[in-house]
Amino acid sequence: MVKVGGIYKAKLKMLSKDYFAKIKVTKLFKQPLAEMTQQDFEKEGYPKPNDIIFIWSKINGGWDRNMIVDVIEFEVLK
């Protein structure tokens with residue numbers, strides 16, 4: 001279970017022992033997709049809302065703006 005203050009290894013492959021960074025979780029909360037702001041889209045790496053909606057739909061089979069998602073904010077440790 002992910003906890004605020006927890007330190008975790010960031011991996012490219014789930015079961016791999018290799019990791020590329022260590023991260024520290026700074027905040028956990030739930031948020032409806034409809035409440036995502038422009039800043040939230042940019043934090044996810046997408047400059048425009050339509051970009052993330054397209055990718056999300058491709059991966060998850062659609063975009064349900066009422067869906068509530070878990071948000072994990074973190075900082076990369078050196």
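This is a predicted model: local features need pLDDT of at least 70, side-chain atom pairs count only at pLDDT 80 or more; totals for chains, interfaces and linings use all residues.
Residues are numbered from 1 along each chain as its sequence is written, and side-chain values use heavy atoms, with hydrogens and water left out.

**Around Asp40**

Colour residues 38-43, which form helix 1, and you will find Asp40 within that helix; helices (H or I, at least four residues) and strands (E, at least two) are DSSP runs, numbered from the N terminus. Asp40 is buried, yet it has no salt bridge, and the nearest side chain of opposite charge, that of Lys43, is 4.6 Å away. Here buried means under 20% relative accessible area, exposed means over 50%, and partly exposed lies in between, with a 1.4 Å probe and protein chains only. A salt bridge is a side-chain nitrogen of Lys or Arg within 4 Å of a carboxyl oxygen of Asp or Glu, and for charge Lys and Arg count as positive and Asp and Glu as negative, with His and the chain ends not counted. Now show the backbone of Thr37, whose nitrogen is reached by the side chain of Asp40 at 2.9 Å.

**On to Gln31**

Which side chain makes a polar contact with the side chain of Asp40? It is that of Gln31, at 3.3 Å; a polar contact is a pair of N or O atoms within 3.5 Å, where within protein one must be able to donate a hydrogen and the other to accept it, and residues adjacent in sequence count only if both atoms are side-chain atoms. Gln31 belongs to strand 2, and with a relative accessible area of 11% it is buried. Beyond its neighbours within four places in sequence, Gln31 touches several residues, among them Met36, Met67 and Val71.

Select the three strands next: they form an open sheet in the order 1-2-3, with antiparallel pairing. Strand 1 (7-10) and strand 3 (68-77) stand at the edges with a single partner strand each, so one side of each is left without a neighbour in the sheet. From one strand to the next, the twist averages 50°, an angle between axes that are lines fitted to C-alpha atoms, for helices over the stretch in contact, and that runs from 0 to 180 degrees between N-to-C directions. Strand 2 (residues 21-32) is joined to strand 1 by four bridges and to strand 3 by 10 bridges, and two strands pair if DSSP finds at least two bridges between them.

**Two salt bridges**

How many salt bridges does a search of the whole structure find? There are two. In one, Lys30 and Asp70 have their closest N and O atoms 2.5 Å apart; Lys30 lies in strand 2 and Asp70 in strand 3, so the pair ties together parts that are 40 residues apart in sequence. In another, Lys43 pairs with Glu73 at 3.4 Å between the closest N and O atoms, and because Lys43 lies in helix 1 and Glu73 in strand 3, parts 30 residues apart in sequence are tied together.

Methods: Contact means heavy atoms within 4.5 Å.
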